[in-house]
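Here are my notebook entries from a first look around this model. Come along and follow each stop in the viewer.

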Amino acid sequence: MTERQQELAARIAGRRGAVRGPFKVWLHSPDMCERAESLGAFARFDCSLPQHLRELTLLLAARNWDAQYSWNAHAHQAIKAGIPEAAVKAIAEGREAVFDDEADQAFYRFCREVLHEHFVSDATFAAALEHFGPKGLVDTIGALGNFTMLGMCLNTFQVDLQPDREPPFPDIRGFERVVPDGDRQEP
């Protein structure tokens with residue numbers, strides 16, 4: 001590594017415990033790495049969203065991009081932070097998740113519409129705005145964008161899938177989409 005890469009690697013390891021996952025890729029472009037690490041640290045640790053919703057944002061973007069590394073690294077953290085295990089399982093399986101908390105449900109709906117529809121309905125926007133305010137929604141979009149970039153990086157560069165972990169998504173194996181056995185059509 002160059003001196004600049006070594007400096008960044010030391011900073012990343014100091015903040016995150018080690019240089020792993022996407023940082024091994026991003027270090028090839030030190031300027032990109034520095035900016036991505038800064039935005040990622042803000043989205044994960046410092047934005048205005050409560051921790052459980054920061055983790056939910058990461059899971060939603062990870063599932064949207066089928067980013068197994070991110071999912072495996074954060075599913076347990078999301079549950080520990082307060083996301084219901086049933087919701088985590090539903091998201092992994094591509095089903096609609098349900099939250100008892102009205103604010104969490106509004107947040108989930110907002111993120112899902114952004115990721116799946118690329119637009120947000122007026123009703124969904126109003127509900128999320130009521131709970132999180134403009135700053136919270138801007139932080140949400142920043143986090144979704146960051147975690148989307150993360151998923152794209154992990155999949156494109158086929159970052160380690162943690163071989164000791166069970167694949168989290170029924171329709172993904174390795175870095176390929178598969179048809180679950182029960183959904184195969186006979187010729």
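With which residues is Leu 56 in contact, leaving aside its neighbours within four places in sequence? I was working with a predicted model, and there I found Ile 83, Ile 91, Phe 99, Phe 107 and Tyr 108 in contact with Leu 56.

**Entry: the core.** I looked up the largest nonpolar core next, and it has 50 residues. Leu 56 turned up again here: together with Trp 71, Leu 56 has the most contacts inside this core. I then noted which elements give two or more residues to the core: α1, α2 (22-26), α3, α4 (51-64), α5 (68-81), α6 (85-92), α7 (102-117) and α8 (122-156). The most comes from α8, with 9 residues.

**Entry: Gln 5.** I found Gln 5 in helix α1, which covers residues 3-16. Gln 5 counts as buried because its relative accessibility is 13%, and buried means under 20%. Beyond its neighbours within four places in sequence, Gln 5 is in contact with Leu 27, His 28 and Pro 30. I also saw that the side chain of Gln 5 reaches the backbone oxygen of Leu 27 at 2.7 Å.

**Entry: Arg 44.** My last stop was Arg 44, in helix α3 (residues 30-46). Which side chain of opposite charge is nearest to Arg 44? I found Glu 55, 4.3 Å away. A salt bridge needs a distance within 4 Å, so I noted Arg 44 as buried with no salt bridge.

Technical notes: Residues numbered from 1 in each chain as written. Predicted model: local features only at pLDDT ≥ 70, side-chain atom pairs only at ≥ 80, totals over all residues. Heavy atoms only, no water. Helix = DSSP H or I, 4+ residues; strand = E, 2+ residues; numbered from the N terminus. Buried < 20%, exposed > 50% of the residue type's maximum accessible area, 1.4 Å probe, protein only. Contact = heavy atoms within 4.5 Å. Polar contact = N/O pair within 3.5 Å; in protein donor to acceptor, adjacent residues only side chain to side chain. Lys, Arg positive; Asp, Glu negative; His and termini not counted. Core = buried A, V, L, I, M, F, W, Y, C linked by side-chain atoms within 4.5 Å.
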